[in-house]
Protein chains: 4
Amino acid sequence: MKIGILTSGGDCPGLNAVIRGIVLKGDKVYEHTFLGIRDGYRGLVEDDIFTLPRKQVRGLSKQGGTILGTSRTGPYGEGNGGAERVREVMDKHEMDGFIAIGGEGTLTVARMLHEEGVPVIGVPKTIDNDLSATDVTFGFETAVAIATESIDRLRTTAESHHRCMVVEVMGRDAGWIALNAGIASGAHAILIPEVPVTIEQVTGWVQATVNRGRAPVVVAAEGFRLAGEDVSAKHGVDHMGRPRFGGIAEQLTPIIEERTGIETRSMTLGHLQRGGVPTSYDRVLATRFGTAAIDAVHRKEWGTMVALKGTDIVSVELAEATSEIKSVPRERWDEAAILFG
Amino acid sequence: MKIGILTSGGDCPGLNAVIRGIVLKGDKVYEHTFLGIRDGYRGLVEDDIFTLPRKQVRGLSKQGGTILGTSRTGPYGEGNGGAERVREVMDKHEMDGFIAIGGEGTLTVARMLHEEGVPVIGVPKTIDNDLSATDVTFGFETAVAIATESIDRLRTTAESHHRCMVVEVMGRDAGWIALNAGIASGAHAILIPEVPVTIEQVTGWVQATVNRGRAPVVVAAEGFRLAGEDVSAKHGVDHMGRPRFGGIAEQLTPIIEERTGIETRSMTLGHLQRGGVPTSYDRVLATRFGTAAIDAVHRKEWGTMVALKGTDIVSVELAEATSEIKSVPRERWDEAAILFG
Amino acid sequence: MKIGILTSGGDCPGLNAVIRGIVLKGDKVYEHTFLGIRDGYRGLVEDDIFTLPRKQVRGLSKQGGTILGTSRTGPYGEGNGGAERVREVMDKHEMDGFIAIGGEGTLTVARMLHEEGVPVIGVPKTIDNDLSATDVTFGFETAVAIATESIDRLRTTAESHHRCMVVEVMGRDAGWIALNAGIASGAHAILIPEVPVTIEQVTGWVQATVNRGRAPVVVAAEGFRLAGEDVSAKHGVDHMGRPRFGGIAEQLTPIIEERTGIETRSMTLGHLQRGGVPTSYDRVLATRFGTAAIDAVHRKEWGTMVALKGTDIVSVELAEATSEIKSVPRERWDEAAILFG
Amino acid sequence: MKIGILTSGGDCPGLNAVIRGIVLKGDKVYEHTFLGIRDGYRGLVEDDIFTLPRKQVRGLSKQGGTILGTSRTGPYGEGNGGAERVREVMDKHEMDGFIAIGGEGTLTVARMLHEEGVPVIGVPKTIDNDLSATDVTFGFETAVAIATESIDRLRTTAESHHRCMVVEVMGRDAGWIALNAGIASGAHAILIPEVPVTIEQVTGWVQATVNRGRAPVVVAAEGFRLAGEDVSAKHGVDHMGRPRFGGIAEQLTPIIEERTGIETRSMTLGHLQRGGVPTSYDRVLATRFGTAAIDAVHRKEWGTMVALKGTDIVSVELAEATSEIKSVPRERWDEAAILFG
């Protein structure tokens with residue numbers, strides 16, 4: 001068979017390891033050949049496709065990013081031609097099917113294409129760990145590791161200056177990175193989108209930490225919002241009506257400082273969390289996802305996605321995979337909250 | 001309640017995070033007080049015990065090693081007094097029970113003590129990941145991360161000199177570290193105790209790698225033995241009858257060099273794999289084990305052990321936990337072997 | 001003798017290693033005793049002083065931050081009492097002299113106190129490497145290492161998304177961190193306060209990089225300003241008259257994007273660069289500074305500062321040390337600029 | 001001009017950064033073209049030479065090892081043809097001169113070739129830092145960083161088990177790596193080839209450390225030998241007359257254990273110290289060496305070598321560069337020895 005591979009959505013450590021796993025096993029065991037699709041679905045729509053021989057995936061397991069490039073373009077976008085255009089390009093290249101490595105959006109498109117008869121297999125990618133059909137995905141542990149190491153560094157400076165430090169990590173809808181990096185670094189408060197918390201609770205934890213003679217570290221997921229607080233009212237909007245402060249860390253910092261009297265600084269880790277060398281955990285998981293995906297191709301399990309359940313790689317329906325996001329359960333946050341303050 | 005804590009057996013990154021998790025939750029939620037037992041069961045036998053206040057566990061989540069010390073002494077050793085002596089010392093300190101953090105040996109002793117009526121809860125610790133009752137334990141991912149980073153380094157030098165490099169990692173009975181570090185670093189052969197492999201297979205992978213213009217990397221678990229080969233016959237024994245070469249890597253190196261003609265070097269990672277700062281993954285898992293262990297104490301689930309199943313922390317019987325070692329299943333090795341050569 | 005130690009100004013990796021070097025050598029060789037002065041000059045002014053025995057500096061060489069705390073308070077501040085108050089507090093504690101570890105401001109105050117007869121020795125600390133009297137100071141190499149590692153990470157994501165990335169590093173008056181981190185990470189443009197550069201030059205380098213098929217990385221010191229450009233005019237000010245965007249990276253990003261049409265993102269590394277474990281280079285330099293400082297105390301070389309010249313630690317007059325900042329020479333930037341674009 | 005480049009001798013982090021610096025500046029500023037010479041002088045002798053375009057050095061600053069390969073073959077070896085053969089191969093490729101990146105042996109050969117009229121420029125490479133003509137070379141700081149990080153890890157386990165740990169680092173003739181890694185990691189004894197030390201001194205430091213309640217860490221350079229001790233007499237030789245134990249760490253371990261009664265373990269870091277990603281310090285120094293070397297070529301300063309003096313890159317005669325090794329001065333060791341025990 002001749003199989004296409006694309007990576008789509010935000011960058012994520014481990015994408016290259018998935019690609020390498022697919023190509024090495026496909027080449028050696030099934031004698032498939034491979035086509036690289038450039039920049040996600042854009043390459044399928046615009047016919048930007050190249051042959052991907054085994055030797056081009058050499059040494060990729062430890063390399064961050066994706067050699068295929070990525071974008072947020074989709075085949076169902078205005079004038080992009082939908083499944084018909086995808087089939088047309090696939091036929092032109094005699095592509096028997098393709099593997100789509102991406103997050104919720106990417107996999108939803110894959111499901112829709114599959115429903116229109118396009119042969120596709122999914123590999124879940126979400127640095128936020130918010131896909132419900134898999135226990136965990138590659139990239140997430142690397143993001144937690146980077147966030148933890150960063151918070152370890154920021155904390156020493158906070159201690160030297162007797163300051164409070166507010167660190168913003170990724171997590172628009174789910175607070176997994178904040179939860180795990182917060183536990184790992186011994187944070188004094190962890191703020192996530194799933195759990196409503198008031199400013200009084202936050203300043204309570206901050207003050208309790210100061211009272212014990214320590215410098216408070218607050219870890220906030222980007223999607224967290226203070227319960228019952230209109231921050232834009234407090235901080236104003238600019239002449240375009242946009243809130244004056246971008247991120248949640250920047251919003252919280254002056255409020256904490258004002259209410260507690262403790263000098264407070266913020267840091268937003270941003271893109272640092274999604275680049276660079278993946279951890280060994282993510283390299284192993286990504287490699288396993290890759291080899292399992294080509295097994296699924298071989299078994300023609302179109303419309304499915306590989307997933308981790310416990311210690312096993314399994315296949316699940318794409319439809320199931322994209323139905324709901326995986327939030328942090330309240331009891332997991334409660335478990336961590338014991339350590340606050 | 002007044003609860004003792006001991007750490008026993010080989011050092012392991014995350015021990016301190018477990019201790020911190022136990023004490024913080026025990027102090028804040030249950031108002032327990034804690035006693036540190038020095039150097040594992042030795043402290044129980046020799047009455048080497050001290051109070052362990054909350055402030056002494058401050059900042060421990062990221063600190064390697066164990067503030068309690070460790071040893072391989074056991075209460076059932078010659079003249080150590082067994083359960084009776086343990087109860088005597090516990091009574092003296094009004095200790096209501098204790099938490100034993102350790103591997104197969106430690107937990108077997110805990111089970112035996114429990115069967116004689118001593119109130120004890122276990123926390124599994126095995127850097128080799130060979131305990132069957134838990135999906136994974138803390139310390140293992142750190143060991144894999146260190147091994148992977150080391151192999152990444154060793155490979156560049158092997159490439160510069162066009163050499164074969166044989167790297168020995170931990171794993172006496174189970175090859176998990178070799179398997180995962182080998183996959184993560186893109187090794188050309190992974191040799192584990194569970195899978196018999198001949199010298200011809202090894203040199204075949206080495207030669208195939210050289211033929212593709214690359215420097216072969218062989219990762220061997222310390223417990224691996226060549227199938228059908230009497231290495232001591234080949235390499236001789238010293239005047240004490242001990243094999244001349246200590247480890248498997250040192251044994252394989254001259255054989256590979258002689259049979260393939262490729263210059264070959266070895267490196268044994270040894271103690272490097274069990275010390276230092278734990279990865280964020282291990283800090284989170286160790287913290288969760290610690291807080292779950294004190295929950296189990298609170299529920300008086302004596303004779304049980306905390307364990308990870310999927311993404312959940314559960315309680316299992318100590319008896320179940322120590323019944324068999326968790327080997328690498330043949331299919332997991334086969335999956336990796338696709339990438340060899 | 002009884003010697004005080006204080007750390008003052010911004011946090012810097014290696015402060016603790018200096019303190020340890022002073023105390024270990026002073027204790028073992030000269031039998032001095034030590035007093036810790038809390039939070040820089042604030043402790044001298046407010047009499048916040050404690051005994052600092054040898055065992056308290058144990059294990060400090062690798063610990064970031066300062067166990068003494070730091071602040072920006074000075075004895076010559078309004079109502080702080082100046083040299084008279086300092087002498088009063090020193091006399092109360094029978095302090096024979098003190099060692100001030102800090103940057104340009106701290107050392108200027110030390111010089112002024114010395115001129116009024118206070119016995120003081122300086123240890124230079126500047127993460128920006130902008131003190132002219134020493135070849136380099138501790139903390140700087142750690143900052144460069146963190147910035148380099150961060151840029152390595154950010155670059156992979158920029159490549160995956162075909163974006164330009166603008167990274168802001170520390171350096172208000174001198175561009176040393178930008179220069180070295182930029183060279184180390186292979187940046188396509190390095191912007192420093194010392195060298196005027198126009199927006200046309202910046203976009204020229206960015207475009208040249210894109211033309212070669214790569215994702216451009218621009219490293220900018222926080223003190224850099226575009227030549228002949230009024231950025232606040234372009235981006236406007238808020239209702240308080242402050243420029244709408246804080247840092248130089250945020251200012252440059254929309255301009256680059258608009259002029260080149262290349263999607264552009266920014267990241268400000270901020271406090272990440274001054275916390276956490278120091279590199280081995282900085283631990284060695286800081287330890288040598290510490291032991292040399294106590295030698296200088298022993299020789300009663302009050303009014304001097306330790307410094308690195310080539311591979312030697314020497315003593316220089318505080319007056320000399322604080323006379324001018326050490327800028328990046330134009331030829332060093334030209335040397336790096338060869339690699340741009 | 002058409003310029004050859006070769007890397008020779010043991011692997012060293014930063015070699016690729018030198019190559020990149022040479023090619024980028026040579027291509028952009030001087031419009032030179034480049035030839036890669038494979039595996040050091042072997043490529044010159046055996047005519048194994050290829051064109052090296054700019055795009056092949058892309059991204060090399062952070063990559064360990066050398067894309068040119070290395071070997072220990074020399075043109076003056078039996079039957080290799082000496083300067084005549086070198087000139088013959090250079091003429092065939094119209095090579096106007098070449099840059100030799102290597103250590104004492106490599107540069108001595110370069111000097112001899114130069115004396116016979118071959119146009120050559122040297123770049124010093126010595127991971128041991130033992131070349132007297134340069135303050136420091138690339139690779140050394142990376143080796144110290146790896147050794148320090150490893151010792152940090154080993155120490156935690158030594159503390160957990162109350163053991164003494166003996167760590168062997170590189171340094172056959174000069175103890176620079178041991179000195180700096182020992183200082184950086186807070187070792188309790190540093191043993192180097194330059195300073196004779198008796199077993200009584202070693203065990204004295206070990207015992208003093210134990211008496212203070214800590215786990216002793218002894219760092220030994222591979223070239224260290226105990227004063228007045230015939231270790232092979234003590235430990236015997238095998239049937240071939242070779243000493244039974246390979247390295248100094250393995251020799252010291254049983255002696256320390258026997259004399260002090262303290263459980264003692266050893267670790268030899270070996271090849272770990274010379275592979276992998278260079279530190280930012282080494283990337284900057286290597287890049288500067290590379291661009292300075294092509295400047296020297298442009299100025300036709302044949303027979304010279306680039307070197308670091310203070311913060312400047314200078315040119316020195318090859319003859320001067322290879323006259324004596326740079327030992328650790330006694331006062332530098334004395335300075336460190338203050339911290340022992």
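**Notes on the predicted model**

1. B:Thr7 belongs to strand E1 of chain B, which covers residues 2–7. Please keep in mind throughout that this is a predicted model, and that the values below are computed from it. The relative accessible area of B:Thr7 is 1%, so this residue counts as buried, the cut-off being under 20%.

2. The surroundings of B:Thr7 deserve a look in the viewer. Leaving aside residues up to four places away in sequence, B:Thr7 touches B:Leu15, B:Ile19, B:Asp39, B:Gly40, B:Thr66, B:Leu68, B:Gly69, B:Thr70 and B:Ile101. With B:Gly69 there is also a polar approach, in which a polar atom of the B:Thr7 side chain lies 2.8 Å from the backbone oxygen of B:Gly69.

3. Turning to the contact between chains C and D, 39 residues of chain C meet 39 residues of chain D, and the two chains bury about 3,400 Å² between them, with 53% of that area on carbon and sulfur atoms. On the chain C side, the residues that lose the most area to chain D are C:Arg58, C:Ile338 and C:Leu339, which together account for 16% of what that side buries.

4. Which polar features join these two chains? Between chain C and chain D there are four salt bridges, and 14 residue pairs are in polar contact, counting pairs in which both residues have pLDDT 80 or more. One of the salt bridges pairs the side chain of C:Arg283 with that of D:Asp152, at 3.0 Å from N to O.

5. As for the elements involved, those that give two or more residues to the side of chain C touching chain D are helices H1 (15–30), H5 (140–161), H6 (176–185), H10 (280–298) and H12 (330–337) of chain C. Helix H10 of chain C gives the most, with seven residues. Sorted by class, this side of chain C holds eleven nonpolar, twelve polar and 16 charged residues.

6. How are chains C and A related? The same surface serves both copies, since 100% of the contact residues of chain C recur in chain A.

Notes. Residues are numbered from 1 along each chain as its sequence is written. Chains are lettered from A and ligands numbered from 1 in the order in which they are written. This is a predicted model: local features need pLDDT of at least 70, side-chain atom pairs count only at pLDDT 80 or more; totals for chains, interfaces and linings use all residues. Side-chain values use heavy atoms; hydrogens and water are left out. Helices (H or I, at least four residues) and strands (E, at least two) are DSSP runs, numbered from the N terminus. Buried means under 20% relative accessible area, exposed over 50%, partly exposed in between (1.4 Å probe, protein chains only). A polar contact is a pair of N or O atoms within 3.5 Å; within protein, one must be able to donate a hydrogen and the other to accept it, and residues adjacent in sequence count only if both atoms are side-chain atoms. Contact means heavy atoms within 4.5 Å. Buried area is the accessible area (1.4 Å probe) that two parts lose on being put together, summed over both. Ala, Val, Leu, Ile, Met, Phe, Trp, Tyr, Cys and Pro count as nonpolar, Asp, Glu, Lys and Arg as charged, and the others, Gly among them, as polar.
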